[in-house]
Amino acid sequence: MTQVIVPTLGQTNLDVTIEKWFKNVGDAVKEGEPLYELSSEKLTQEIEAPVSGTLTKIYKQVGETAANGDLLAEIE
Amino acid sequence: MNLSNEQLLEIYEYINYARCMGERLEYFIKTGKILGAIHLPKGQEGLQAGLIMTLMDARKNGIKIYTNPHTRDQALMSKLIGLQPYADEMLCKTSGINGGTSGEYHMTCVEKGFLPAQGVLGPVWGQNAGFAWALKDQGKTDSVVWGIYGDGASSRGDAWEAMNIAALFKVPMVFVVVNNGWAMANPVEKEAPVQDLSLRAQGSGMRGITVDGNDPIAVFEAMVEANKLAMSGEPNLVEFKVTRWGGHFLGDNQEVYRDTSFLKHLDDIDPVLNYHKKLLAMGLVKEEDLKRVHDEQDAIILKVYEEGMNKPAPTVDEICDPNKVYGGAY
């Protein structure tokens with residue numbers, strides 16, 4: 001099982017908002033495919049799946065905020 | 001300068017290495033292994049390969065290069081100080097070049113030629129010029145300093161002072177301006193009234209030239225010549241024109257300030273692909289070599305990072321120890 005965590009993109013720890021999930025729970029995901037999009041005051045970024053597998057859990061839904069290092073999803 | 005086939009293939013390795021370094025950094029940031037903000041080198045691999053080639057060539061000829069590479073120079077940084085100490089520092093591990101305390105921009109190891117840099121970019125040229133002055137004073141005629149900064153930094157007042165004093169004291173320094181057209185979110189035409197930033201060298205009576213930074217051979221030739229001039233008492237400036245593909249840092253939404261339609265036609269301007277095509281036409285490589293060399297270089301980088309990830313991180317006390325902030329530097 002691989003955990004998907006919120007990366008630190010900017011120079012400071014900012015809360016980010018989940019803008020979009022490109023996959024639903026149960027979907028097959030491929031390493032390198034867009035998985036979700038996050039945004040904060042100064043940035044917007046699409047994040048790809050770190051591994052191939054099945055998206056088994058999503059902990060933060062669209063519109064929810066999360067901090068750097070928070071668990072977002074699990075891929076098995 | 002006529003490059004040998006071996007030299008051309010060496011550059012082929014470096015340009016692929018630079019591409020892989022950018023790809024892996026992006027991957028490690030997005031998977032939370034490396035903390036931001038990191039300025040990715042995508043699109044500037046031609047310049048990186050040319051600079052690395054010049055560094056390696058200088059080493060073979062007994063010339064010591066001192067420089068402080070910064071944003072988008074990760075490939076050069078790692079070749080300067082060694083991939084493992086570089087990667088470990090990026091991962092904030094005690095085995096990093098500065099014990100995992102420096103972050104990307106403030107890595108320092110004078111012994112290996114990596115000069116310290118402060119956070120404001122333009123004034124560092126002044127520090128570089130001062131270091132070059134010290135080299136001259138000590139009679140080190142086989143050494144040269146590269147001050148590598150962007151179009152934005154070169155527009156600062158301190159940068160002009162540095163050029164003036166370097167030219168006045170005839171110090172062994174090459175001013176390298178990486179003109180990628182963007183000072184963060186500010187386009188170069190809104191910060192400089194000249195098209196070629198190399199013109200600015202004339203104000204200090206220095207030679208300034210503009211070179212296509214996408215062509216690693218042109219970069220290598222220009223830097224070898226620039227080094228020779230600098231070491232014979234003629235500091236000079238070389239401007240490299242390149243294209244920044246991504247935002248200022250990973251996460252920077254450049255869509256709001258920049259027309260990014262060029263990203264749909266990257267094959268035309270891709271320095272890695274163009275160099276591959278050049279060697280292909282010369283019969284030096286085969287079509288499949290691009291993927292092979294890319295994957296070889298990627299495997300080298302990945303292995304080093306994976307080794308680094310299992311190493312210990314510094315404690316809070318170690319991070320807060322002021323003597324370690326510039327550990328190994330002096």
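Predicted model: local features only at pLDDT ≥ 70, side-chain atom pairs only at ≥ 80, totals over all residues.
**Stop 1**

Select the strands of chain B in the order S1-S2-S3-S7-S6. These 5 strands form an open sheet, and the pairing is parallel. Step from strand to neighbouring strand and the average turn is 25°, direction ignored.

**Stop 1: strand S3 of chain B**

Select residues 173-179 of chain B, which make up strand S3. How many of the residues of S3(B) are buried? The count is 7 of 7, so the strand is mostly covered, by the criterion of 20 or more other C-beta atoms within 10 Å. Colour the side chains by direction. Met173(B), Phe175(B), Val177(B) and Asn179(B) point one way. Val174(B), Val176(B) and Val178(B) point the other way. Both sets are buried.

Next, check the two partners of the strand. Toward strand S7 (residues 236-241) of chain B, S3(B) pairs in the parallel sense over 6 bridges. Pick Val174(B) there: its bridge partner in S7(B) is Asn236(B). Toward S2(B), 6 bridges join the strands, which also run parallel. On that side, pick Gly147(B), whose bridge partner in S3(B) is Phe175(B).

**Stop 3**

Then select helix H6, residues 157-169 of chain B. Test its length. At 1.5 Å a residue, its 13 residues should span 18 Å, and the end C-alpha atoms lie 19 Å apart, which agrees. Highlight Ala159(B), Ala162(B), Met163(B), Ala166(B) and Ala167(B), which are buried. Where do these residues sit around the axis? They cover an arc of only 120°, so they are on the same side of H6(B). The buried residues of H6(B) pack against H5 and S3 of chain B. Step past the end of the helix to Lys170(B), which follows H6(B) and has a positive phi, near 50°.

**Stop 2: helix H3 of chain B**

Select residues 74-81 of chain B. Is this helix, H3, enclosed or open? It is largely enclosed by the rest of the structure, because 8 of its 8 residues are buried. Gly82(B) follows H3(B), with a positive phi near 105°.

**Stop 5**

Go to Arg72(B). It is not a glycine, yet its phi is positive, about 70°. Arg72(B) lies in the loop between strand S1 (64-67) and H3 of chain B. Arg72(B) counts as buried because it has 26 C-beta neighbours inside 10 Å.

Now jump to Met184(B). Met184(B) is not a glycine either, and its phi is positive at about 55°. Its loop runs between strand S4 (182-183) and strand S5 (186-187) of chain B. Met184(B) is partly exposed, with 13 other C-beta atoms within 10 Å.

**Stop 3: where chain B touches chain A**

Show both chains. The contact takes 11 residues from chain B and 13 residues from chain A. On the chain B side, the residues divide into 4 nonpolar, 5 polar and 2 charged.

**Stop 4: chain A**

Select the strands S1-S8-S6-S3 of chain A, in that order. These 4 strands form an open sheet with antiparallel pairing. At its edges are strand S1 (2-5) and strand S3 (28-29) of chain A, each pairing on one side only. Within the sheet, strand S6 (residues 53-58) and strand S8 (residues 71-75) of chain A pair over 3 bridges in the antiparallel sense. Select Lys57(A) and its bridge partner in S8(A), Glu74(A).

Finish at Leu14(A), in the loop between S1 and strand S2 (16-21) of chain A. Leu14(A) counts as partly exposed, with 17 C-beta neighbours inside 10 Å. Leaving aside neighbours within four places in sequence, Leu14(A) is in contact with Ser40(A) and Glu41(A). Draw a C-alpha to C-alpha distance from Leu14(A) to Asn68(A): 7.1 Å in space, across 54 residues in sequence.

Terms used
Residues numbered from 1 in each chain as written. Chains lettered and ligands numbered in written order. Pairing = 2+ DSSP bridges. Helix = DSSP H or I, 4+ residues; strand = E, 2+ residues; numbered from the N terminus. Buried ≥ 20, exposed ≤ 12 C-beta atoms within 10 Å, placed from the backbone. Contact = placed C-beta atoms within 7 Å. Nonpolar A, V, L, I, M, F, W, Y, C, P; charged D, E, K, R; others polar. Axes fitted to C-alpha atoms, helices over the stretch in contact; angles between N-to-C directions. Expected span 1.5 Å × (residues − 1). Arc of directions from axis to C-beta.
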